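Visitor: I'd like to learn how to read a structure feature by feature. Could you walk me through one?

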Amino acid sequence: MAIGTAQGFPRFVDVDRDDRVVLHGLEWQQFEMTLAVRGDRAGARLAYLEGDLEIMSPSRSHDFIKTTIGRLLEAYAEEKGVYFNGYGSLTMKEPALERGAEPDECYVIGQPKERPDLVIEVIWTSGGIDKRRLYAGLGISELWEWRDGRIELFILRGSSYVPATRSELLPNLDLALLARLVQTDDQTQAVREFRTSLRS
């Protein structure tokens, strides 16, 4: 992985890892209780899938990447006039299906609705619960995973995701360019470059 610096700290280095714990055999009520105990404090993100509870504290690099992706997507929506509302790590719950999630980023696109259309997950440290199965069960139309400098896109078909090369929600978005710009250490410069490309 490339090493860069942003305001004096190294980024994209192996030692900058997410802290992650997965607890097995928990009831839905225990997930709800964990959410209540944590409250509105920032930090750990929770995910629950059929008895498995993942507690993940993202690293600095993890959050830098997800924020860069978010800033670029918001610039795209502004330039293209797309209805695009971000909800960050919104807590989504479906008790009947034993699913709960707090994504890195999520967005409603096109028109207001209760559940996000797009979820973005940064895969920085391996392990944890199966996020594709989790978000498919929550009915999220598109799941984007950033991994090793690439954005992998999955579109919901029935009850599971299939890989895709182009977004159905943002079909004119150049994902390769987006992924390249995420590698920057300067988010503002990346947004400027992206806007220039969109206007040309």
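Visitor: Let's take E50: is E50 buried, partly exposed or exposed?

Guide: Relative accessible area sorts that out: buried means under 20%, exposed means over 50%, and partly exposed is what falls in between (1.4 Å probe, protein chains only). E50 has a value of 39%, so E50 is partly exposed. Before we go on, the ground rules: this is a predicted model, where local features need pLDDT of at least 70, side-chain atom pairs count only at pLDDT 80 or more, and totals for chains, interfaces and linings use all residues. Residues are numbered from 1 along each chain as its sequence is written, and side-chain values use heavy atoms, leaving out hydrogens and water.

Visitor: Where does E50 sit, and what is its phi near?

Guide: Elements here are DSSP runs numbered from the N terminus: helices are H or I with at least four residues, strands are E with at least two. E50 lies in the loop between β4 and β5. Its phi is near 50 degrees, a positive value in a residue other than glycine. D148 also has a phi near 50 degrees. D148 belongs to the loop between β11 and β12, and it is exposed, at 56% relative accessible area.

Visitor: Which residue meets the side chain of E50 in a salt bridge?

Guide: General idea: side chains of opposite charge can pair when their charged atoms come close. The rule used is a side-chain nitrogen of Lys or Arg within 4 Å of a carboxyl oxygen of Asp or Glu. For E50 the partner is R133, at 2.9 Å, N to O. This pair ties together distant parts of the chain, 83 residues apart: R133 is in helix α3 (residues 131-137) and E50 in the loop between β4 (45-49) and β5 (52-57). R133 is partly exposed too, at 38%.

Visitor: How many salt bridges are there by that rule?

Guide: The count is 22. Some of them join up: R132, E145, R147, R150 and E152 form a network of salt bridges. Within it, the side chains of E145 and R132 meet at 2.9 Å, N to O. That pair runs from strand β11 (E145) to helix α3 (R132), 13 residues apart. E145 is buried at 3%, while R132 is partly exposed at 33%. E152 bridges to R147, with the closest N and O atoms 3.6 Å apart. E152 counts as buried at 18%, and R147 as partly exposed at 25%.

Visitor: What about nonpolar cores: how many residues does the largest have?

Guide: A nonpolar core is a set of buried Ala, Val, Leu, Ile, Met, Phe, Trp, Tyr and Cys residues joined through side-chain atoms within 4.5 Å. The largest has 31 residues, and L73, W144, L173, L178 and F194 have the most contacts inside it. Elements giving two or more residues to this core include α2 (60-80), α4 (175-182) and α5 (187-199). The largest share, seven residues, comes from α2.

Visitor: Which residues does L178 contact?

Guide: Contact means heavy atoms within 4.5 Å. Setting aside neighbours within four places in sequence, L178 contacts L72, L73, W144, I151, L173 and F194.

Visitor: And α5, which of its residues are buried?

Guide: An α-helix has 3.6 residues a turn, so residues three or four places apart point the same way. In α5 the buried ones are Q187, A190, V191, F194 and L198. They cover an arc of only 100 degrees around the axis, which puts them on the same side of α5; the arc is that of the directions from the helix axis to the C-beta atoms. The cover over these residues includes α2 and α4, and the face turned away from the buried side carries the exposed residues T196 and R199.
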